[in-house]
Amino acid sequence: MRTPVFTGSCVAIATPFDANGTINYDAFGRLIEAQIAGGVDAICVCGTTGESATMTIREHIAAVDYCVEKVNHRVKVIAGAGSNDTSAAVYLSLHAQDSGADALLHVTPYYNKCTQAGLVKHYEYIADRVELPIILYNVPSRTGVSFTAETYQVLSQNPRINGVKEASGNFSLLAHTRHLCGDDFYVWSGNDDQTVPMMALGAKGVISVVANVAPKLMVDMTHLCLAGDYASASKLQIENMDFIDSLFLEVNPIPVKAAMNLIGMEAGGLRLPLCDMSESNLEKMKAAMARIGLLR
């Protein structure tokens, strides 16, 4: 039986850029240390929040190398390696494997919008060429394609495929997936605002944007669920909904990097085509942060 790559909270870590737009590794190191100090169970590098879509291949592999070395086995490192080009996904996966990462995160191929048969072929092709466990990533709002529960069932038979980061918001899909795939095909929430209800349906935790700003909140929420204390976890989820929602007033990672900068976490700027948060949404986010004591 497979074991989950992690349980609890994994931060989808932001990539800090300096004034010239290059990766600020000093700041990146501080962000990694802050997450480990905050109790996170894993760190996902070069994901959506890390702006991997606007990184060069060289930057991508350098960021993975740096994160793995800095973490030094203190928590799990999950390397984003997804692509709409299957051969490129294999290349990034093999590099992450060589770097010492613990697992891979593979988003569904975007823009191509392949069929369900294409999804199976894509992921089986990758899984047959790597040794690390693979976490699928279902985020149809960004990619234009979603898994079906039946496709999850087929892919769950591959021993390299550990589970899925589910960010479809589709609870029926989650329930049917859990029904068809058994207990050792693992699910993690890809939406911070749905963490507790997804864990009530059997998810093992969250791959979190919010954890960049509030790691302890997401650790506490997920660990309460893992301990079966859904009442306390639900209370945390509900009390912080205003704040969580504020980090998605604009497309991720625009708000979370703004929030990080506001509290001195040196996330730096964004790469085009992402741009600074609007003033009206920034004020809403500041107010939400102030209500939970993150800003004064």
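This is a short tour of one structure, stop by stop, with something to select at each.

The model is predicted: local features need pLDDT of at least 70, side-chain atom pairs count only at pLDDT 80 or more, and totals for chains, interfaces and linings use all residues. Residues are numbered from 1 along each chain as its sequence is written, and side-chain values use heavy atoms, with hydrogens and water left out. Helices (H or I, at least four residues) and strands (E, at least two) are DSSP runs, numbered from the N terminus.

**Stop 1: strand 4**

Select residues 103–107, which form strand 4. Five of the five residues are buried, so this strand is largely enclosed by the rest of the structure. Here buried means under 20% relative accessible area, exposed means over 50%, and partly exposed lies in between (1.4 Å probe, protein chains only). Now show the side chains. In a regular strand they alternate between the two faces of the sheet. Ala103, Leu105 and Val107 point one way from strand 4, while Leu104 and His106 point the other way.

**Stop 2: the neighbours of strand 4**

Two strands pair if DSSP finds at least two bridges between them. Which residue of strand 4 is the bridge partner of Ala79? Look for Leu104.

To get from strand 4 to strand 5, the chain crosses through helix 4 (residues 116–127), in a right-handed β-α-β crossover. Right-handed means that, with the strands pointing away from the viewer, the path from the first strand over the helix to the second runs clockwise. Colour helix 3 (residues 86–99) as well: strand 3, helix 3 and strand 4 also make a right-handed β-α-β unit.

**Stop 3: helix 1**

Move to residues 25–37, the 13 residues of helix 1. The end C-alpha atoms of helix 1 are 18 Å apart, which agrees with the 18 Å it should span at 1.5 Å a residue; the expected span is 1.5 Å times one less than the number of residues. At the start of the helix, a side-chain oxygen of Asn24 reaches to within 3.3 Å of the backbone nitrogen of Asp26.

Which residues of helix 1 are buried? They are Ala27, Phe28, Gly29, Leu31, Ile32, Gln35 and Ile36. Their packing partners include strand 1 (8–12), strand 2 (42–45) and helix 9 (215–226), where contact means heavy atoms within 4.5 Å. Just after the helix, Gly39 takes a positive phi of about 95°.

On the way, click Asn20, in the loop between strand 1 and helix 1. Asn20 is exposed, with a relative accessible area of 72%. Draw a C-alpha to C-alpha distance from Asn20 to Ile32: they are twelve residues apart in sequence and 21 Å apart in space.

**Stop 4: helix 2**

Helix 2 has 15 residues and reaches 21 Å from its first C-alpha to its last, close to the 21 Å expected. Its buried residues include Glu59, His60, Cys67 and Val71, and the buried residues of helix 2 pack against helix 1, strand 2, strand 3 and helix 3.

**Stop 5**

Most residues other than glycine have a negative phi, and most peptide bonds are trans. Asn72, which follows helix 2, has a positive phi near 55°. Go on to His73, in the loop between helix 2 and strand 3, where phi is near 70°. Is His73 buried or exposed? At 67% relative accessibility, His73 counts as exposed.

Cys46, in the loop between strand 2 and helix 2, has a phi near 60°. Cys46 is buried, with a relative accessible area of 2%.

For cis peptide bonds, select Asn252 to Pro253, with omega near 10°, and Leu272 to Pro273, with omega near 15°. Pro253 sits in the loop between helix 11 (241–246) and helix 12, and Pro273 in the loop between helix 12 and helix 13 (279–291).

**Stop 6: the cysteines**

A search of the whole structure finds zero disulfides (pairs of cysteine sulfur atoms within 2.5 Å). From Cys46, the nearest cysteine sulfur is that of Cys67, 8.1 Å away. Finish at Cys275, which is partly exposed, with a relative accessible area of 46%.

Key
Polar contact = N/O pair within 3.5 Å; in protein donor to acceptor, adjacent residues only side chain to side chain.
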